[in-house]
Amino acid sequence: IRVYDFSGEDFGNEILIQPNGGIVVAGSINNFGFDEFAILKLLADGTLDTAFDADGRAQIPFSGDAVVQ
């Protein structure tokens, strides 16, 4: 098991296992009062996929009550 911390309060809502064994986790974070979507891309061995957004993770700001489902 690996733990990856974005910052603040992190919530993983969906997990997708790709045909090549890669893992995509989608969720949201509360980054010190600012809500953002969070996407984490992992290789089959659980390490960050640095081909995705240079570090294997992406944060996308949003406002309101949007939720990843």
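This is a predicted model: local features need pLDDT of at least 70, side-chain atom pairs count only at pLDDT 80 or more; totals for chains, interfaces and linings use all residues.
Residues are numbered from 1 along each chain as its sequence is written, and side-chain values use heavy atoms, with hydrogens and water left out.

Colour by accessibility next. Of the 69 residues, 33% count as buried; buried means under 20% relative accessible area, exposed over 50%, and partly exposed in between (1.4 Å probe, protein chains only).

Select Lys41 and Asp49. Lys41 forms a salt bridge with Asp49, and their closest N and O atoms are 3.1 Å apart. Both Lys41 and Asp49 are buried. The structure holds one salt bridge, counted when a side-chain nitrogen of Lys or Arg is within 4 Å of a carboxyl oxygen of Asp or Glu.

Move to Phe6 and Arg57. The charged end of Arg57 sits over the ring of Phe6, 5.1 Å from the ring centre. The rule asks for NZ of Lys or CZ of Arg within 6 Å of the ring centre and within 35 degrees of the ring normal.

Now select Arg2, Val3, Tyr4, Asp5, Asp10, Ile23, Leu40, Leu42 and Gly46, which line the largest pocket. A pocket here is an open set of points on a 1 Å grid over the protein atoms alone, where a 1.4 Å probe fits, with protein on both sides within 12 Å along at least five of seven lines; lining residues have an atom within 4 Å of a point. The volume of this pocket is about 160 Å³, taken as the space filled by probe spheres set on points joined across faces, edges and corners. Its lining has five nonpolar, one polar and three charged residues. Ala, Val, Leu, Ile, Met, Phe, Trp, Tyr, Cys and Pro count as nonpolar, Asp, Glu, Lys and Arg as charged, and the others, Gly among them, as polar.

Finish in the loop between β3 (34-42) and β4 (57-61), where Asp53 lies. Asp53 is not a glycine, yet has a positive phi of about 55°; Asp53 is partly exposed, at 48% relative accessible area. Ala54 is in the loop between β3 and β4, with a positive phi near 70°. Ala54 is exposed, at 65% relative accessible area.

Definitions and conventions
Helices (H or I, at least four residues) and strands (E, at least two) are DSSP runs, numbered from the N terminus.
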